[in-house]
Amino acid sequence: RKEYVDLYVSYVFNKSVQKPFEDFMQGFLRGCPARSWKMFLPEELQVLLQGYTTFDWHLLEKNVMYSQYEKLDQTIRNFWSVFHKLPEGKKRMFLAFLSGSDRITGYGLECFRFSIADPQVENPDESSPCASTCFLILFLPR
């Protein structure tokens, strides 16, 4: 029985996926030659491919640039007050809303910059925040 189970497990996890994996590996190595990846430690490669998954949200606040706003404007203070009270999952959802991804690229949060701008609409109470993911701008009505 042990031999049967060993052979079955080997088939399911190795033999049955061997051809698709070899095809994937060949295509991956064509686009990303192995010699380029060997310089990274596994942890560094993971961050490079997947991005950072833990954040210092106060550093994010520190790196923000403001357009038509000042850091001490009431709208900005209210925004950050509410933001810091959000649970981790909601903060990541905000990051996805802003940038299109809930992760930060391999450069880290120190290099991640976004802007908060006033969309200057006639009636800000009837306007919702929106984002330009290409330019990392959050349009936050007053």
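Okay, ground rules. It's a predicted model, where local features need pLDDT of at least 70 and side-chain atom pairs count only at pLDDT 80 or more, while totals for chains, interfaces and linings use all residues. Residues are numbered from 1 along each chain as its sequence is written, and side-chain values use heavy atoms, with hydrogens and water left out.

So, the layout. The chain splits into domain 1 (1-39) and domain 2 (57-139), with bounds from an automatic or database domain assignment. Their centres, taken over C-alpha atoms, sit 42 Å apart.

Now to helix H1, residues 2-15, where we find Val12; helices here are DSSP runs (H or I, at least four residues), strands likewise (E, at least two), numbered from the N terminus. Val12 has 30% relative accessibility, so it counts as partly exposed; that's the class between buried (under 20%) and exposed (over 50%), with a 1.4 Å probe and protein chains only.

Next, Asp118. You'll see it in the loop between strand S2 (115-117) and strand S3 (130-132). Is Asp118 buried or exposed? Buried, because its relative accessible area is 11%.

What does the side chain of Asp118 make a polar contact with? The side chain of Arg142, at 2.6 Å. By polar contact I mean N or O atoms within 3.5 Å; within protein, one must be able to donate a hydrogen and the other to accept it, and residues adjacent in sequence count only if both atoms are side-chain atoms. A polar atom of the Asp118 side chain also lies 2.9 Å from the backbone nitrogen of Gln120.
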